[in-house]
Amino acid sequence: MMEITPRTARQWSRLGSRGIFGQAILSVAEDHPELMVLSADLGNSSGLDRFKAAYPDQFLNTGIAEQNMIGVAAGLAKEGFTVFATSFAPFIAMRASEQVRMNLGYMEMNVKAVAIGSGIAMGLLGNSHFGLEDVAVMRAIPNLTVVCPADCAAIIKTVEAAVAFDGPMYIRLTGAANNPPVYTEDFAFQIGRAIPLRDGGDVGLVACGTMVHVALRAADALAEQGIAASVIDMHTLKPLDGAALDALAARVPALVTVEEHTVIGGLGSAVAEHTAAQPDRVRHLALGLRDAFVKTGQYEYMLEQEGLVGPAVAERVRAFLREERT
Amino acid sequence: MAAFMRRKILDVSYTCGLTAHLGGGLSMVDVMAVLYGHVLRLDPKTPRWPDRDRFILSKGHGVLGFYPALLAAGLISEEVFATFQANGSALIAHPVMNLDLGIESSNGSLGHGLSMGVGIALAARKKRAGFKTVVLLGDGECNEGAVWEAVMLAAQLGLDSLTAVVDHNKLQSDGESRDIMQVGNMAERFAAFGWHALEVDGHDIDALVTAFDAPAPAGRPRVIVAHTIKGKGVPFMENDNTWHHKRLTKADHEAALAALTARGGGEAAATEDAP
C-alpha cells in the first residue's frame, strides 16, 4: 500500500505515469505470487525495470510481438495467473485488437492490458505512438472494462483495484513525467464509480485521465468569472457510471466532456450514448482531440494546440453556455 | 474410433441441414482419434480435472473433427452432440470455450491458438504441473503471422510440454496452398525456428501413435506435421475443395456412408479401444 500525501503525490508526479505504474506493480507483487507481467520488449520504457530485477520469474519479455503477447497472457490467465500485459496504446488496442477481442472479450480471460503513454503524451515520437482512438476500439469489445486513471495516485489505486478484479480490463495511462496531481490524500476508488471532485450548478465537467486536472483548472478559471462548475472524474469508461452522470445532469443545464482522445468513440461518445434517449436530455459539448493526425511537437505544446489546457477549455465552456442562453 | 468419428461427421452434417466445414474436419480425424484415444490424459467424469492435458483447436473451423472426438472420449453426450449447429447450441461451427464439455478455448479466427498454448505450457512449467499442451493448427492457418510469433517464443522459452500438430492437407479456402502462400517444407520451417519437428502420414494410425509416443528432446517444443488429405475417407470429397464448407444432401449422405462402409470403416463402434 502506497500512502497518498501531498508530498508523495508531488514525488509521484515527477516520476510520471509510467514510472508510477512500475512502482505500483512492484508494490502489489509482494502479496500476489500469481501475478505475471508481460512486455513486448518495452519493459524499461514501461517503468518495469525494477520489477524485472525484483521478480524475474514473474516477468516475461515476449519479444516485439504484441499479438502473441496477448494470447500468451490469456494462456497464463487461463491457468490461474493474474496477468498484466503492457505496451504502448496503439500496439495493444489496435495491433493486437483482435487478440484482445478473442482472449479478453470473448473468453473473458483475467488479463489487464495496460496501455502506456496513451493520448498524445509521446509528443515528438509522433502519431504512430499515440493513443488517439484506443478507447473507441477497446470500449466496443464486449466484457472489457476500460479504465483511465486521472493521475499517479489514481494509477496506484487502479493497479491495486485491477489485481483484485477478476476479469479482463484495458487500463489506459495518459500523461508523462510531471503529471500534475489531482489527488493529494487518500481517496475511495472503485472500478465503475465516478468520483465527484467539485460541486457547482452552472455546468458539469466530466473528464478522465489527464483531462481531470485540466477540467479542475478550467473550473478555477470559470469560477473567477462567476460560473460554478461541477467536476467528476469518470475514470471508468466502461461500464460507465450512469447513476453519477444522471445525478450530475439533474443539477446542471449543460455537460462538457473533456478527454485526451479523439472526439469519436471515447468518453464524449460514452456519455452521449447514455443520455441520448433521455426525454429531458442535457446539452452536451464534447471536447477532445481533433479527428486528425496532427503535426506533432512536445506534449505541452500539443495540448496547447489542441486546446486541452485549463484556460482554453474554460473559454470553450463559456462560449457553449452563452450559446445556450441566446 | 476414427471410423466412428467419420460416420458421426457425415450423420451430424446431414441432420443439421446446414453447410459445415467437411473437408478440413475429415482431414484431421485420424490425428484426433489418436489424440483422444491414446495421447491425451483426460477424465470424462471430471472434465475440469486440473492435471488434464490441454487441447486447443486453433483451426477452429475443424469442429467436425473435434466434437466427434469429444463424443467418443465421453466428454459430450449424444444428446449434446446432436445439437450441432442448432440455434443457441453449445456446439456451433467454431469452438466456444466450455470446460464442462472439454472445450478449452474459443476459436474461429485463425492464428490465435498457439499463442494461448504457449501461455498454458508456460503456466504448467511455473506451477510445476505435469500436463501436456497440444495445439492443432491448419496449414492454411500458418499464413497468419501471429503463428510464427508464438513459434519463436515457444522455442525461446524451451517449452517441451508443448506439441503443435499441423494438419497439412495442402488446401485452404480459396484453393491449393502452394498457389496462395508458399510454405516450402513445413517441418523444416518449424525446425529452423528451433522446434523438434516430425513428419508423419496423418492417416496412418500406427505412425501417428509412434510419433506422439517417441521420446522428444528436452528443452524444445515439438511439432508433428501430419500429411493429410482434405475430405479423407469419402472418395468424392477427397482433395475436392468444394467440400471445404458445404451442405450434405440426402444423396450425398447416402453415397458417403456407402463409401465409408465399402472401405470397411462405416460400422465401427465407439467403444473400441484402439484409436
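What percentage of residues 15-181 of chain A is helix, and what percentage is strand? Over this stretch the chain is 42% helix and 19% strand, with its end C-alpha atoms 11 Å apart. Helices (H or I, at least four residues) and strands (E, at least two) are DSSP runs, numbered from the N terminus. The model is predicted: local features need pLDDT of at least 70 and side-chain atom pairs count only at pLDDT 80 or more, while totals for chains, interfaces and linings use all residues. Residues are numbered from 1 along each chain as its sequence is written, and chains are lettered from A and ligands numbered from 1 in the order in which they are written.

**View 1. The open sheet of chain A.** Seven strands lie in the order β2-β1-β3-β4-β6-β5-β10, with mixed pairing; two strands pair if DSSP finds at least two bridges between them. Because β2 (59-61) and β10 (236-238) each have a single partner strand, one side of each is left without a neighbour in the sheet.

**View 2. Strand β3(A) and its partners.** Seven of the seven residues of β3(A) are buried, so the strand is largely enclosed by the rest of the structure. A residue is buried if 20 or more other C-beta atoms, placed from the backbone, lie within 10 Å of its own. Five bridges join β3(A) to β1(A) in parallel, and A:V37 has A:F84 as its bridge partner. With β4(A), the parallel pairing of β3(A) spans six bridges; here A:S87 is partnered by A:A115.

**View 3. Strands β5(A) and β6(A).** Residues 145-147 (β5) and 169-174 (β6) run parallel and are joined by three bridges. The bridge partner of A:T145 is A:M169.

Conventions:
Buried ≥ 20, exposed ≤ 12 C-beta atoms within 10 Å, placed from the backbone.
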